[in-house]
Amino acid sequence: MTDYLFDGSGTPDPDVARLEQMLGRLRTTAPVQKVRLQPGATEIHDAHTISVYAGVRFLGPAMAAAAAIALMVGLTWRTTTPAASWDVAVIVGTPRIGSSPLIGGGRIAVGQTLTTDEGSRARMDVSDIGQVTIDEGTRLRLVETREGHHRLALERGTLHASITAPPGQFVVSTPSATATDLGCIYSLHVNDDGSGLLNVEVGWVAFEERGRESFVPAGASSRTDRVNGPGTPRFDDADEPFRRELELVDEGAGMKVYGDGLRYVLAHARTRDAMTLWHLIARVAPADRASVVDALAARVPMPVTVTREAVLRLDRAALDQWWDALGLDEATWWRKWKRPV
Amino acid sequence: MEHVLEIGRVLPAGDLLTIPARTAELTATIRAMAAGDQDAFARLYADYARMIHAILLGRVPRRDVDDLVQDVFLTAYTRIRELRDPAAFGGWIATIARNRATDYLRQAREHVELPDDLPGGEPIDAGTFVVLDIVRTLPEAYRDTLLMRLVEGMSGAEIAERSGLSPGSVRVNLHRGMKLLREKLGWHGHD
């Protein structure tokens, strides 16, 4: 006897199949959790550092050895993790870690979420490499923390990061781009639709998604959205029409249709906006690339070692040499960071 | 009022042959977890997370379900010494989940309750949440079993193994729950 409802056998019941299709979207998507058990911790000082005492009735006295075990639930497990949780301090209001209200302070473990409502803010230590301040209306998750690698997922809201670590150690993923700290201070905002805005105050941030990269220097910003990924970075002191037209260029990037936006940007870019033009070389349609190269060359001459043909075919070495001529910082150090020899 | 089946223990003869092996394996896994074996914890999580997710989804706003699943496993870990019979792990952790949901709802009364469909994840149409709300009105045994089947994609046999119910009880809960759900949805299919 077949019973589709019980075991999926036989002819699908249309109502059951319809409910499977609808309700199946609610299925748990959380990855398999693993734990790190760390003998030696003895205090119960928050919900995630837990002591387990001897006396597991069916386990016998051997369990006494596990008298103190710090249990960390995470998306991944790394034996090298010095501490798979971070300190969190309340600035104002009552943020939540998981479903538990945070009073005064506590710790956030890998895999847990920190949520602030409209009346609360918090600050967390990023291991020992910096701090992140979380504004109102924010939800983020601690994805991973281990020696040399720390990752948050910002689902919505705003965070301000201040990191004093070598490039590449602190990463924040958002629904539409991933921000990799290159040693700096920056703010990152994510809207409810997954779009966002990165503002860099000090240093650099690499903003990436699906192979599209933006390298955002101090004093510059980059928008991002689910369709196009990281937008073309521009300095914050660019005038409003320039910024607006650049946004139009980014919005048309997927279809390579820019309208008058590209012409406006190329015509009105300042010398300082060479950084923006450099990013546009690889983003515009091939037919428009020459005009971008000309506009950039008019502001920052092409190095003598670089050929126009190499740039037009997006030769990485040629682009990097021209980037170095912009006077911002040499490309080699972040290339080295991305692809260590 | 609908009759809700009690937990049954009558199993088909075929299943009886494999029960000792499965029980021994579960016992070994729980012992290993309690002794600090991370992989053992991960195995238990992988085996039982969908059941716990379904139980919580039937009771609390979706947005908090993943966090509460973690809470449940953390609680289970710290209270593992209370579990006298490892074979009863499924029913035991399910009870922890139901109690955790009750605690959550008690606390939530003091706060503004978040709707299920908050932005931030993949978009889900409103009709799905309407159906979920109706499932949540079903008697507990039907609700939990249906959500394990329809949301988590667990088979009846798997639900039985994880929850400690007999396959017969799961089958009856599924069909009675489905019948009741059809009535509430105004669907007129057969069962």
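Q: Which residues of α7(B) and α8(B) meet?

A: In this predicted model, the contact is made on one side by B:Gly156, B:Ala157, B:Ile159 and B:Ala160 of α7(B), and on the other by B:Pro167, B:Val170, B:Arg171 and B:Leu174 of α8(B). By kind, these residues divide into 6 nonpolar, 1 polar and 1 charged. An α-helix has 3.6 residues a turn, so residues three or four places apart point the same way.

Q: How is the arrangement of α7(B) and α8(B) described, and at what angle do their axes cross?

A: Helix α7 of chain B covers residues 156-163 and helix α8 of chain B covers residues 167-185; their axes come within 8 Å and cross at roughly 120°. That angle makes α7(B) oblique to α8(B). The handedness of the crossing is a further property, and here the crossing is right-handed.

Q: Which residues form the contact of α5(A) with α6(A)?

A: From α5(A) come A:Ala274, A:Leu277, A:Trp278, A:Leu280 and A:Ile281, and they meet A:Arg289, A:Val292, A:Val293, A:Ala295, A:Leu296 and A:Arg299 in α6(A). The contact divides into 9 nonpolar, no polar and 2 charged residues.

Q: At what angle do the axes of α5(A) and α6(A) cross?

A: The axes of α5 (residues 274-281) and α6 (residues 286-299) of chain A cross at roughly 155° and come within 9 Å. The two helices are therefore roughly antiparallel to each other. Their crossing is left-handed.

Q: How many residues of α5(A) are buried?

A: Burial is read by counting neighbours around each residue, with 20 or more other C-beta atoms within 10 Å as the cut-off for a buried one. In α5(A), 7 of its 8 residues are buried, and the helix is mostly covered. The buried residues are A:Ala274, A:Met275, A:Thr276, A:Leu277, A:Trp278, A:His279 and A:Leu280. They pack against several elements of chain A, namely the strands β17 (212-217), β18 (220-225) and β20 (234-235) and the helices α3 (240-251), α6 and α8 (316-325).

Q: Why is helix α6 of chain B described as largely enclosed?

A: Of the 11 residues in α6(B) (residues 140-150), 10 are buried, so this helix is largely enclosed by the rest of the structure. Among the buried residues are B:Tyr142, B:Asp144, B:Leu147 and B:Arg149. The packing partners of these buried residues belong to two chains: α2 (14-23) of chain A, together with α2, α5 (126-135), α7 and α8 of chain B.

Q: Where is B:Ala54 placed, and which residues does B:Ala54 touch?

A: B:Ala54 lies in helix α2 (residues 38-57) of chain B. Leaving aside residues up to four places away in sequence, B:Ala54 touches B:Asp144, B:Leu147, B:Met148, B:Val151 and B:Glu152. B:Ala54 is buried, because 30 other C-beta atoms lie within 10 Å. Distance along the chain and distance in space should be read separately: B:Ala54 and B:Arg149 are 95 residues apart in sequence, yet 8.9 Å apart in space, C-alpha to C-alpha.

Q: What elements does chain B contain, and what percentage of its residues are buried?

A: Chain B has 8 helices and 0 strands. Buried residues make up 41% of its 191 residues. Among contacts between residues at least 6 apart in sequence, 69% join residues at least 24 apart.

Q: Which elements of chain B have the lowest and the highest mean pLDDT?

A: Where pLDDT is low, the predicted coordinates should not be read in detail. The mean pLDDT of chain B is 80, and 80% of its residues reach 70 or more. Among its elements, helix α1 (residues 13-34) has the lowest mean, 70, and α6(B) the highest, 94. Over residues 1-17 of chain B the pLDDT is below 50. For the complex, the predictor gives an ipTM of 0.83 and a pTM of 0.53.

Note on methods. Residues numbered from 1 in each chain as written. Chains lettered and ligands numbered in written order. Predicted model: local features only at pLDDT ≥ 70, side-chain atom pairs only at ≥ 80, totals over all residues. Axes fitted to C-alpha atoms, helices over the stretch in contact; angles between N-to-C directions. Helix = DSSP H or I, 4+ residues; strand = E, 2+ residues; numbered from the N terminus. Parallel < 35°, antiparallel > 145°, perpendicular 65-115°, else oblique. Left-handed = near helix turned anticlockwise from the far one by under 90°. Contact = placed C-beta atoms within 7 Å. Nonpolar A, V, L, I, M, F, W, Y, C, P; charged D, E, K, R; others polar. Buried ≥ 20, exposed ≤ 12 C-beta atoms within 10 Å, placed from the backbone. pLDDT = per-residue confidence, 0-100.
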